[in-house]
Amino acid sequence: MEIRVQTRGMGAYCPTPQVSEEMLHQIKTTVLQKTVDGMKQEGMPYVGVLYAGLMLTKLGPKVLEFNCRFGDPECQVLLPLLKSDLYEVLKNTLQAKLASSPPIWLENSAAVTVVMASEGYPGAYKKGVEITGLSQLTEMGMQVFHAGTALKEGGGVVSSGGRVLTVTAVCPTLESALHSANAGVAALGFPNAVYRRDIGHRAIAYLTRSRGLTYKDSGVDIAAGNKLVDMIKPLAKATSRSGCNAELGGFAGLFDLKAAGFVDPILVAGTDGVGTKLKIAQACNIHNTLGQDLVAMCVNDVLAQGAEPLFFLDYFSCGQLDVGVASSVIRGIAEACQMAGCALLGGETAEMPGVYGAGEYDLAGFCVGAVERDSLLPRLGDIQEGDVLIGVASSGVHSNGFSLVRKILERAGLQYSSPASFGQSGQTVGEVLLTPTKIYSRLLQPILRSGAVKAYAHITGGGLLENIPRVLPKELAVDMDAMLWRIPPVFSWLQKEGALSEEEMSRTFNCGLGAVLVVGKQDAQRVLRQVQAQEEAWIVGSLIHKLPGAEAVVIRNLEHSLKAGPSPSPDVSVAPNGTCQRNSSSRRRTKVAVLISGTGTNLQALMEQTKKPSSSAEIVVVISNRPGVLGLKRASMAGIQTRVVDHKLYGSRAEFDSTIDRVLEEFGVELVCLAGFMRILTGPFVRKWNGKLLNIHPSLLPSFKGVNAQKQALLARVRVTGCSVHFVAEEVDAGAIIVQEAVPILTNDTEDSLSERIREAEHRAFPTALELVASGAVRLGEDGHIIWNQSA
């Protein structure tokens, strides 16, 4: 029998070019995923870092061991290739966000690590051998991981174990990384150290073998493209909405208009890009904001026809695919689609060597929406002289005019890294200019569906002068006063540094207005209040009769406003004679989410309440844990964004609650109403939203908690029951009570008849409680009791 000693791993390298993508996929699905799934099924779900030691055989991959330590060379060769912050990766793992925020790795990089051991290892070995030259390795750009070393008295490092240290080199290629790692080992003064000089020899032999050309040799990396698709699949999935599940991978995407609630729809399509704003993003290495620009430019155009954006497609083209950059851009697109309420249905990534320079890429987007035939905009026959213009604030330059912006920067001698005199404290010029374009769909859809808006103009390329006339009858002109809205300081700076004329400013830039609505005088104040509940907006002018040869748009006081700089936002109303006048600012509404599981009758009552001009609440999203329920259609028909978070798709309640929490944060929710939501929320979720969670229960709490409350009341033979709206606590049906309404029990009552009368009471009590909390009249104290604010 031959006896061999086990030295354990003496080095590692990454990547492994001789292991095919198909084999890696097989390992992922048949070993790693099955292991994690099996632990979950056995009641021991694993959350953390896990890697497998494998041997590739003729019968396929075989597992030697599993490990979760960071002390082995397999880990020391991998972590230097991690581009993401390790802390963020671990935090996303713990918070079940890894699928939507996967780690980003260095592109076009390889790493080799070589272990240096004491003479005699794994048998008897000498300790205390002095090691020199460590600082030289740092200067050579290498990393040293210590395992068996100690500090010597008086200074210096000595060996104190068998496996003493590892030397890791990161280079553009595996060959150069291996050469650098061996050079690093040779540079160390470690007498009689034991180490291998053939780490990675199989990979090098594979890379240098004689072979024919591949597509990758021409500059197109199919494996990188597949990796990108795998990374963005969960991002697209998160944009699913009624009518579409946003599954990537097919030849084409599908959308079910009927499932989305449309009866007699007209399809509306729009396409756009982000222009030379790309140049600034690439120069600043800031890519995550461009997705919102791309989606906004397309979605805001589709809105101009009164349409609801349904789905979005993107086109990303480059010379050489950088998966990290591309995934950052597409993650931004997916997040923007969620903001807009449309599904990311598909896209195309085109790698075209020779067409684009290093680090360059281009973007295009395509949005398809739908509008009921009788709601199509603009309604040219209804637009008349005297109608009012409501301007909705932009976030800045948006995505038009950047060729001129870059020319002005060149003239001013500014770099993108220069401090921005026209931004917030600490912002650079690049950061201010890359402020994302605002998406108006969530804000404007309910207002457009109300019928009060006769036309909507997206202020895009062509500025104010060319875009507003696109939605007006030819016999009408626009009279605007730039003193009536707030102009962001970036426009004053551009006008001054570029010596731009009023006409050049208003034909190139939005000058602070991203959208302009045309409404009748009688509806102006109501529509203005609705917009101002979420966004800065002003009455900025009106429509007048257009004289022959006259300008289609007249903007008074623009140069004065630009030179005067930013001032407090004016709030303007329409006097009976049609002129504009300033008044006090409007009250901001509390953003509310409603969680449902079924038909949504309580949701309907809440929606009707929040439609009232006097309401302190605005429902910004409806979330259901069940797809296809009637409540989702109710919300969609009311112009409210919907999301489905199917509890069946999650391995734990905590994972499900974490997804709900992300959706709430996405919409900026401040108050949550549980309206027939048939899931028990976890303690951490309830604690995070303490004082912001309302529930309704069909009994006069604390009586008859839990399920079948009506049946419990009938069996107890009480004469009165009812409903209670309360703050949610960790104990079921135990939070502080806000509103109760009593319902008498009749002698001939059945469970169905009693339930029906209690439901009618709920439809009164829940809206009342919502208003009390949203207005600030009621809040939950630190002691868990109700606090009334008499002045609210």
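Me: Which residue does Val-478 stand opposite in E19?
Reply: Val-478 stands opposite Val-553 in E19. This is a predicted model, in which local features need pLDDT of at least 70 and side-chain atom pairs count only at pLDDT 80 or more, while totals for chains, interfaces and linings use all residues. Residues are numbered from 1 along each chain as its sequence is written, and side-chain values use heavy atoms, with hydrogens and water left out.

Me: In which sense do E16 and E19 pair, parallel or antiparallel?
Reply: Strand E19 (residues 553-556) and E16 pair in the parallel sense, over 4 bridges. Strands (E, at least two residues) and helices (H or I, at least four) are DSSP runs, numbered from the N terminus, and two strands pair if DSSP finds at least two bridges between them.

Me: And how many bridges join E16 to E18?
Reply: There are 5 bridges between E16 and strand E18 (residues 537-545), and these two strands run antiparallel. Within that pairing, Ser-542 of E18 is the residue opposite Asp-479.

Me: How many of the residues of E16 are buried?
Reply: In strand E16 (residues 476-481), 6 of the 6 residues are buried, meaning under 20% relative accessible area (1.4 Å probe, protein chains only).

Me: Which way do they point from E16?
Reply: Leu-476, Val-478 and Met-480 point one way, whereas Ala-477, Asp-479 and Asp-481 point the other way. In a regular strand, side chains alternate between the two faces of the sheet.

Me: New topic: which residues touch the most other members of the largest nonpolar core?
Reply: They are Phe-312, Met-480 and Trp-485, in a core of 88 residues. Such a core is a set of buried Ala, Val, Leu, Ile, Met, Phe, Trp, Tyr and Cys residues joined through side-chain atoms within 4.5 Å. Helix H10 (residues 323-340) supplies the largest share, 10 residues.

Me: Why does this core lie between domain 2 and domain 3?
Reply: It lies between them because domain 2 (222-372) and domain 3 (380-564) both give residues to it. The domain bounds come from an automatic or database domain assignment.

Me: How many residues does the other core have?
Reply: That core lies apart from the largest one and has 42 residues, among them Ile-619, Ala-635, Leu-671 and Ala-709.

Me: What is the strand order in the open sheet of 3 strands?
Reply: The order is E5-E8-E7, with antiparallel pairing. Strand E5 (130-131) and strand E7 (149-151) are the edge strands, each pairing on one side only.

Me: Over how many bridges do E7 and E8 pair?
Reply: E7 pairs with strand E8 (residues 157-159) over 3 bridges. Val-158 in E8 is the bridge partner of Ala-150.

Terms used:
Buried < 20%, exposed > 50% of the residue type's maximum accessible area, 1.4 Å probe, protein only.
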